[in-house]
Amino acid sequence: MEILIQSLKWAASISGTIAAFMVSLDSGRKVTGWGFVIFVASSVAWIAGAALTRDWALGTQNVVLFGINLFGVYRYLVRKRAA
């Protein structure tokens, strides 16, 4: 079980770092949108890791971030730009 928890935490950490870099590049809507997709995956991994370790503060934070990241996906990949 410890290997699963550590793997989830490392995957969440690395993917969150990559996503933050993609969003910070400001290389256009698609790159930013895909950065938010990776943030969503990172949040899911953090939530799973937090649930397995019963770290409710970390889990709660990432449930909120999950919602924010879903909004980012919608904003940059789903919603059409205003004319």
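Modeller: Among contacts in the protein (heavy atoms within 4.5 Å) between residues at least 6 apart in sequence, 59% join residues at least 24 apart. The model is a predicted one, in which local features need pLDDT of at least 70 and side-chain atom pairs count only at pLDDT 80 or more, whereas totals for chains, interfaces and linings use all residues. Residues are numbered from 1 along each chain as its sequence is written, and side-chain values use heavy atoms, with hydrogens and water left out.

The protein has three helices and zero strands, where helices are DSSP runs of H or I of at least four residues and strands are runs of E of at least two, numbered from the N terminus. Along the sequence the pattern is α-α-α. The C-alpha trace spans about 50 × 20 × 15 Å along its principal axes. Of the 83 residues, 27% count as buried, that is, under 20% relative accessible area with a 1.4 Å probe and protein chains only.

The part in question joins helix α2 (residues 29–53) to helix α3 (residues 56–78); their axes come within 8 Å and cross at roughly 160°. Such axes are lines fitted to C-alpha atoms over the stretch in contact, with angles from 0 to 180 degrees between N-to-C directions. The two helices are therefore roughly antiparallel, the term for angles over 145 degrees. The crossing of α2 and α3 is left-handed, meaning that the near helix is turned anticlockwise from the far one by less than a right angle. The residues of this contact comprise 19 nonpolar, seven polar and three charged; Ala, Val, Leu, Ile, Met, Phe, Trp, Tyr, Cys and Pro count as nonpolar, Asp, Glu, Lys and Arg as charged, and the others, Gly among them, as polar.

Within α3, the residues G59, N62, N69, G72 and V73 are buried, and α2 is included in what covers the buried residues of α3. V73, which lies in α3, counts as buried at 16% relative accessibility. Not counting residues up to four places away in sequence, V73 touches G33, F36, V37, V40 and V78. On the other helix, S43 is found in α2 and is buried, with a relative accessible area of 3%. With the same exclusion of residues up to four places away in sequence, S43 touches N62, L65, F66 and N69.

How values were computed:
Angles under 35 degrees count as roughly parallel, over 145 as roughly antiparallel, 65 to 115 as roughly perpendicular and the rest as oblique. Buried means under 20% relative accessible area, exposed over 50%, partly exposed in between (1.4 Å probe, protein chains only).
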